[in-house]
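The following exercises are to be worked through with the sequence and the structure at hand. Each task is followed by a solution in steps.

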Amino acid sequence: MKPELITSRVALTAGMKGGTGKSTLSVLLAANRRSRGRRVAVFDADANVGTTFLTLRDPTKSEADQDCLESAVRFDLRDPDEAPQILRPLDIGADLSIVDMPGGSIGALESVFGSEYANGLEELGHITHASGRRITVLHMITNDRSTAASFDGFMDGFGDSADYVAVHNRGLVRRGEELTTWNSSQTRQRFLEFGGREIELPAIPPVLLTNGLRGLVFPDVNEGIYAGHLRFLFNKEFAEQITQVEEWL
């Protein structure tokens with residue numbers, strides 16, 4: 001179900017659990033696309049943690065004055081009163097809207113349009129499609145078996161109304177170790193049949209995390225030749241990975 005003309009993308013960064021790199025991916029993707037002149041909106045749907053929001057926010061402005069197109073805004077997808085804000089990207093004139101999802105957020109998404117006659121993810125896919133936009137699900141991959149169940153939930157809900165990217169976080173895998181649980185799963189086979197693609201989130205040099213994720217994307221954080229060059233090399237490698245799914249972002 002692909003529209004003839006896709007005006008923009010809505011990228012959902014997802015994962016079964018916290019700590020898999022969703023926020024890191026969201027921050028890096030936003031910085032990468034903005035550095036290339038793209039009009040990018042960023043929404044942190046995990047307001048209670050708010051890592052993406054706190055990293056990209058403008059410290060000179062109050063939370064109420066943050067601009068999703070210049071910094072980031074946040075809401076709580078798990079709060080029934082705030083969950084409908086997942087539709088905000090459809091009202092923003094952005095080339096790309098990035099939504100950093102809470103871990104295990106399938107149930108919260110389903111509840112947005114939850115009823116006996118509607119599946120929340122399916123409805124979100126239809127509405128996004130009708131607006132001339134298309135969803136890209138970027139799902140963090142770990143060796144935990146719950147990863148496959150989470151990914152299956154997104155594919156069951158969105159079907160062919162979305163494109164799927166499996167993101168291997170190299171920082172969570174020891175050198176030489178393979179993601180055997182994912183690689184041998186029926187979910188991965190189904191994912192490939194959907195035309196899914198796999199990329200890597202490069203391992204982050206520890207010195208760049210001295211001041212949190214801001215050190216990855218803001219040159220005035222972790223200053224110095226050494227940190228600056230590590231930042232350059234890391235972002236270069238990340239950009240090479242994103243190139244593999246360029247048309248989906």
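**Exercise 1: A residue and its contacts**

Apart from neighbours within four places in sequence, which residues is Val 217 in contact with? State also whether Val 217 is buried or exposed.

*Solution.* Beyond those neighbours, Val 217 is in contact with Val 27, Leu 28 and Ala 31. The model is a predicted one. Next, locate the residue: Val 217 belongs to helix α8, residues 214-217. Then apply the cut-off, under which a residue is buried below 20% relative accessible area. Val 217 has 16% relative accessibility and therefore counts as buried. Finally, consider a residue 84 places away along the chain: the C-alpha atoms of Val 217 and Arg 133 are separated by 27 Å.

**Exercise 2: Helix α1**

Compare the reach of helix α1 with its expected span, and determine how many of its 14 residues are buried.

*Solution.* Helix α1 covers residues 22-35. From its first C-alpha to its last it reaches 20 Å, close to the 20 Å expected at 1.5 Å a residue. Eleven of the 14 residues of α1 are buried, so the helix is largely enclosed by the rest of the structure. Among the buried residues are Val 27 and Leu 28, both of which are in contact with Val 217. Just after α1, Gly 37 has a positive phi of about 85°.

**Exercise 3: Strand β1 and its partners**

Why can strand β1 be described as largely enclosed, and with which strands does β1 pair?

*Solution.* Strand β1 comprises residues 8-14, and seven of the seven are buried, so the strand is largely enclosed by the rest of the structure. Consider each face in turn: Ser 8, Val 10, Leu 12 and Ala 14 are buried on one side, and Arg 9, Ala 11 and Thr 13 are buried on the other. One partner is strand β5, residues 133-141, which pairs with β1 in the parallel sense over seven bridges. Here Ala 14 stands opposite His 139. Another partner is strand β4, residues 96-100, which runs parallel to β1 and is joined to it by five bridges. In this pairing Ala 11 stands opposite Ile 98.

**Exercise 4: Two helices in contact**

Describe how helices α5 and α7 pack.

*Solution.* Helix α5 (residues 146-158) packs against helix α7 (residues 186-193) at an angle of about 30°, and their axes are 9 Å apart. The crossing is left-handed. From α5, the contact involves Ala 148, Phe 151, Asp 152, Met 155 and Asp 156; from α7, Thr 187, Arg 190 and Phe 191. Sorted by class, these comprise four nonpolar, one polar and three charged residues.

Definitions and conventions: Residues are numbered from 1 along each chain as its sequence is written. This is a predicted model: local features need pLDDT of at least 70, side-chain atom pairs count only at pLDDT 80 or more; totals for chains, interfaces and linings use all residues. Side-chain values use heavy atoms; hydrogens and water are left out. Buried means under 20% relative accessible area, exposed over 50%, partly exposed in between (1.4 Å probe, protein chains only). Helices (H or I, at least four residues) and strands (E, at least two) are DSSP runs, numbered from the N terminus. Two strands pair if DSSP finds at least two bridges between them. Axes are lines fitted to C-alpha atoms, for helices over the stretch in contact, and angles run from 0 to 180 degrees between N-to-C directions. A crossing is left-handed if the near helix is turned anticlockwise from the far one by less than a right angle, and right-handed if clockwise. Contact means heavy atoms within 4.5 Å. Ala, Val, Leu, Ile, Met, Phe, Trp, Tyr, Cys and Pro count as nonpolar, Asp, Glu, Lys and Arg as charged, and the others, Gly among them, as polar. The expected span of a helix is 1.5 Å times one less than its number of residues.
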